[in-house]
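Q: Please take a close look at one part of this structure, and then show me how it sits within the whole. I am new to it, and I would welcome a careful explanation.

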Amino acid sequence: MTLLLIILVSLLMLGVPVSFALIISSVAYLIQHDISLFIAIQRMTMSIGDSFTLISVPFFILAGVIMNTGGITEKIFNFADKLVGHITGGLGHANILASIIFSGMSGTAIADAGGLGAIELKAMKDAGYDEDFSLAITGASSIIGPIIPPSVPAVLYAVLAGASVGKLFIAGIVPGIIMGLIMAVFVYFKSKNEDYPIHNRAPLKEMFASFKESFWALLTPVIIIGGLLGGIFTPTEAAIIAVAYSLVLGFCYNNVTLERIPELLKETASHTVSVMLIVAGASIFGWILTIEQVPQLITNFFLTNISSQIAAILLINLLLLIVGTFMETIAAITILTPILVPLATTFGFDLTHFGIIMILNLMIGLLTPPLGMVLYVLSSVSKVPFEKIVKASAPYVIVLGLTLLLFTFVPQIVLFLPNLLSM
């Protein structure tokens with residue numbers, strides 16, 4: 001076990017991709033213990049091929065890619081601007097609202113920051129907002145994506161934890177909206193202090209025209225979430241429907257053509273292979289942790305040294321926040337879920353509640369160095385140095401940390417809707 005961890009940490013420090021680091025260290029363990037390498041092949045292929053739910057992941061990724069190239073994101077942002085642009089903080093509020101709407105389509109923070117973020121940053125720059133403010137709110141609002149359904153991290157967590165994907169999706173709606181509202185309050189007071197520009201209230205005629213133009217795009221999250229709430233289709237079917245619907249919209253808006261489809265599929269395949277290879281590598285790594293009884297050892301350690309449920313969840317939150325700063329979200333979920341879920345269950349935490357807490361912890365990691373994937377995406381889009389974006393985003397990390405504590409200690413916020421719907 002010591003050799004496994006030494007090799008894994010060494011490879012990660014050398015910059016080896018997480019998926020290969022997991023596979024290489026696991027293979028080294030199997031060789032050391034004279035275990036057939038066929039086990040590695042079997043575990044890796046089974047982790048991907050035996051889960052119907054995981055089929056939804058590439059489809060949600062494809063839906064996000066199509067929406068970012070099909071003119072859908074721009075229409076969403078324009079409508080959000082007409083709706084809330086007159087409030088103090090103007091485009092900051094439009095930024096948050098657009099992210100909440102887009103959250104119901106893409107399911108990934110990177111898709112939000114990379115596609116919608118580019119549109120938001122240009123609009124805020126043209127309107128005279130400070131670069132720091134624009135980048136910080138764009139990054140912070142993008143992490144709402146994996147909280148509000150659909151959510152790729154939620155799918156992976158549910159598969160590994162044996163939780164209900166549908167229940168986890170529905171549980172993210174209220175927390176996602178609350179995150180948006182808390183950010184909006186922060187933006188309001190900061191904008192008032194900095195005297196940022198605001199638009200005049202859009203006439204009802206303009207507002208209606210913008211709504212009419214973006215209506216079919218706005219209908220996407222209604223179809224996905226409504227279908228899940230109504231039990232009309234499963235999360236996997238929802239992902240396929242999202243792809244079909246976004247393709248239709250792309251063709252109707254004349255931003256997607258038959259010639260562009262291979263390009264969209266290539267981009268989707270690149271993202272999908274990255275995600276699935278991590279899942280495959282983490283599956284064999286997780287199997288080794290299981291046979292070494294690591295989950296039981298950690299649980300016993302907590303039970304022996306910690307008697308308080310509050311202390312236990314605070315330590316788990318701290319662990320997840322630390323891991324999220326240097327490990328990719330998908331890898332962290334696939335490695336830590338089998339370890340932490342038994343612990344959470346032992347201390348009496350609901351699996352759905354714990355799932356939302358885990359995902360939000362790791363999403364905050366997307367805004368913190370040294371990994372900070374969302375920060376790197378924004379730096380790439382805006383050409384602003386990474387360090388400058390880190391400094392600008394710090395206040396939002398604090399706000400999101402306090403929001404995390406709220407969700408942690410008031411589980412009714414997370415469980416209210418799924419319990420109401422008896423999911």
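A buried threonine and its setting

A: Thr 325 is buried, with a relative accessible area of 19%, where buried means under 20% relative accessible area, exposed means over 50% and partly exposed lies in between (1.4 Å probe, protein chains only). The model is predicted, and local features need pLDDT of at least 70, side-chain atom pairs count only at pLDDT 80 or more, and totals for chains, interfaces and linings use all residues. Residues are numbered from 1 along each chain as its sequence is written, and side-chain values use heavy atoms, with hydrogens and water left out.

Thr 325 belongs to helix H16, which covers residues 309–326; helices (H or I, at least four residues) and strands (E, at least two) are DSSP runs, numbered from the N terminus. If residues up to four places away in sequence are set aside, Thr 325 touches Gly 365, Thr 368, Pro 369, Pro 370, Leu 371 and Gly 372, a contact being heavy atoms within 4.5 Å.

The wider chain gives this residue its setting. The secondary structure of the protein chain consists of 21 helices and zero strands. Its radius of gyration is 21 Å, close to the 22 Å that the globule rule gives for 423 residues, so the chain is as compact as a globular protein of that length; the radius is taken over C-alpha atoms, and the rule is 2.2 Å times the number of residues to the power 0.38. Along the principal axes, the C-alpha atoms fill a box of roughly 70 × 50 × 45 Å. Of the 423 residues, 54% count as buried, and among contacts between residues at least 6 apart in sequence, 78% join residues at least 24 apart.

Side chains of opposite charge can pair when their charged atoms come close. A salt bridge is a side-chain nitrogen of Lys or Arg within 4 Å of a carboxyl oxygen of Asp or Glu, and by this rule the count comes to six. One of them joins the side chains of Glu 213 and Lys 75, at 3.5 Å from N to O. This pair links distant parts of the chain, with Glu 213 in helix H12 (residues 204–229) and Lys 75 in helix H5 (residues 72–84), 138 residues apart. Glu 213 is partly exposed at 45% relative accessibility, whereas Lys 75 is buried, with a relative accessible area of 16%. Apart from residues up to four places away in sequence, Glu 213 touches Lys 75 and Tyr 253. Its C-alpha lies 36 Å from that of Ile 330, and 117 residues separate Glu 213 from Ile 330 in sequence.

Arg 260 counts as partly exposed at 27% relative accessibility, and Glu 263 is partly exposed at 46%.
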